2 protein chains.
Amino acid sequence: MPTFATEQLIKVTVRIFEAVGATDYEAKCVAEHLVESNLIGHDSHGIILIPDYYKVIKEGKIRPKTKIKIIHETNDSALVDGNWGFGQVAAKEAMEIAIKKAKTSAISAVGLFHVYHIGMLGYYSMMAAEQDLIGIVMCNSAPIMSPYGGFSRLLGTNPISVAIPAGKWKPFLMDFATSVVAAGKVRVALNRGEKIPYGWILDKEGRPTDNPADLYEGGVLLPFGGYKGYTLALLVDILSGALTGHGCSSSPEYETGNGTFMIVINPANFTPLEAFKKRVDELFQTIKSSPTAPGVNEIFIPGELEFRTKEKRLKEGIPVDEKTWQSIEIVAKELGLDINKIVKDVHD
Amino acid sequence: MPTFATEQLIKVTVRIFEAVGATDYEAKCVAEHLVESNLIGHDSHGIILIPDYYKVIKEGKIRPKTKIKIIHETNDSALVDGNWGFGQVAAKEAMEIAIKKAKTSAISAVGLFHVYHIGMLGYYSMMAAEQDLIGIVMCNSAPIMSPYGGFSRLLGTNPISVAIPAGKWKPFLMDFATSVVAAGKVRVALNRGEKIPYGWILDKEGRPTDNPADLYEGGVLLPFGGYKGYTLALLVDILSGALTGHGCSSSPEYETGNGTFMIVINPANFTPLEAFKKRVDELFQTIKSSPTAPGVNEIFIPGELEFRTKEKRLKEGIPVDEKTWQSIEIVAKELGLDINKIVKDVHD
């Protein structure tokens, strides 16, 4: 599998999005987000999305050269209209607003509506953690998950991310879907001709199945942890869809994309920051040094695997599979770009 | 099983706590909380706790006649010292502070430390929902749960509750432990001589087991949904323990009780309240009217079962098992009270 330096992939992505009409700022913003996803190993949210976004831009669902609009604002909150521009740009700016407000208060909240795919939520929660704040981000999405006990597509995979700064340790980074697995994992199994474990999906009749194809023939994803995951998914839909005005996934109001709700907490307002970080470090140390269950090698702090992957990929490069690279090459060619030359120019 | 009217159980509880030194206000506050737990069917958090609390008061771990102290306060936040008084009193007052602050801002946060058992979290989140606000409450607790992949008691069952107002529908009420089940359920199985499903606990060697006794011989509860529930439990420990200064469950700083973190969101700040409630109603209606999976009779909105139980018990009375009633009678006798006479007097 070919590997690339971070700068190479960013350059390629910037050039492509500029060529489809994005401003330099928008293209850089989206490129940095996608490549960061690749860096930490969430390849499903990385440059593999370029052909999808390209298609959606051509369909007019993402509008380049778009500015967000603050609809309503207080000392500790804002409601932001994304105006159907790039999700990564709107959500980054929404988080910047939330961070600014949390710095002069104890807690802030920002709602974001009419926004296309915002990508990896951990990108935004980490923006807060990098400034010694606690970032919470959640969004709804196109309906593909069933409520607990049902088998209709009424809920999105409705992910939640929380990032919390530590001291010597890397931040706590939670970032997961409220479904058992992301839809992408079912697709991977389907493409590989593999079965999936029972409990991931139901078929169109509501029956348990291990055949990934059933998801794409009217089946549904299931919430993680049964009733509890369903409850969390519903919570996310209400805060991200109903509260922001983006619309709940199952409502006629919902068009596409990710209604988003963000909360930023300023820990220094509650306890001296160094004392807080010391407590978090001690907690992580205790957990890491505790005995593992039979058959388990290591207990992980949420985010630890991602940060480890990032270190490795920064050093060794980011692997991109041939199929993904080819699909990006096709897009680039349509735009009159030679991505292999772009990559080479960065390298030289 | 004998059943009692709400007022009878409140009167009995008030008289007992007054007799052990609580002020009228404290006794009423704790009594209303415990009986509300019975009303909605969470009997494990109801009057069954009276003998435990009585014992703990005698040991000096709960101090009656105690006032909370606000350590630090801003427009949208407070840090509150519970001074080891009744948890139900401190947490109720902390939520009152959070509600007051959210009414004049968009979002508020209150941390509460040095507080004993605060009971059922849904009691506090519902205080917010009853005032058209969104209430979020979480707390840590004595370590009995293992991190995912380990088998040490490092985390509490660390519950989270969220209540959200609806329009015609009753509020959304999420209130659950981040463990697969509460410890109480394992105790019930043990007392009944029943086995428990694999996946609830590990024994002291870290092996899966269906014997409930293993939990009380050095075993651990497991987080719900595996890695995701573990991540949520850790999040709760950090916000409720590290941020408030109560201490994380596994740290030497932690003494007992529930470090607590609360957030209140004012939905009217983001979207007109009626539009918000209408969206929530529509979401619930869509989910309730969707087809059920084979073998399932009904899909429930979080909290629906609890509200149904409350209606029934308000009408038909609250059932209290003989063993629980006898244990309360013993406490009352020690305090020179005849609870059967107290109950009769309310009735007449």
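At what angle do the axes of helix α3 and helix α10 of chain B cross, and within what distance do they come? The legends below answer this and describe further views of the predicted model.

**View 1. Helix α3 of chain B beside helix α10 of chain B.** Two packed helices are described by the angle between their axes and the distance between the axes. Here, the axes of α3 (residues 50-58) and α10 (residues 322-334) of chain B cross at roughly 35° and come within 9 Å. On the side of α3(B), the contact is made by B:Ile50, B:Pro51 and B:Tyr54, and α10(B) contributes B:Ser327, B:Ile328 and B:Val331. Five of the residues in this contact are nonpolar, one is polar and none is charged.

**View 2. The open sheet of chain B.** Seven strands of chain B are arranged in the order β2-β3-β4-β10-β5-β6-β7, with mixed pairing. The edges are formed by β2 (69-74) and β7 of chain B, each of which pairs on one side only. Direction ignored, neighbouring strands of this sheet are turned by 10° against each other on average.

**View 3. Strands β5 and β6 of chain B, with helix α7.** Strands of a sheet pair through backbone hydrogen bonds, either parallel or antiparallel. The pairing of β5 (residues 134-139) with β6 in chain B is antiparallel and extends over four bridges. Within it, B:Met138 stands opposite B:Ile160 of β6(B). Helix α7(B) packs on the sheet, where it touches β5, β6 and β10 of chain B. The direction of α7(B) makes about 90° with that of β5(B).

**View 4. The contact of chain A with chain B.** Each side is listed in turn: 62 residues come from chain B and 62 residues from chain A. Elements of chain B that give two or more residues to its side include β3 (77-81), β4 (107-113), α7 (227-242) and α8 (273-288). The largest share of that side, eight residues, comes from α7(B). By class, the side of chain B that touches chain A has 34 nonpolar, 22 polar and six charged residues. The copies meet through the same surface, because 100% of the interface residues of chain B are also interface residues in chain A.

**View 5. The axis relating chain A and chain B.** In chain B, the C-alpha nearest the axis belongs to B:Gly225, 2.1 Å from it.

Key:
Residues numbered from 1 in each chain as written. Chains lettered and ligands numbered in written order. Predicted model: local features only at pLDDT ≥ 70, side-chain atom pairs only at ≥ 80, totals over all residues. Contact = placed C-beta atoms within 7 Å. Nonpolar A, V, L, I, M, F, W, Y, C, P; charged D, E, K, R; others polar. Least-squares fit on C-alpha atoms with pLDDT ≥ 70 in both. Axes fitted to C-alpha atoms, helices over the stretch in contact; angles between N-to-C directions. Pairing = 2+ DSSP bridges.
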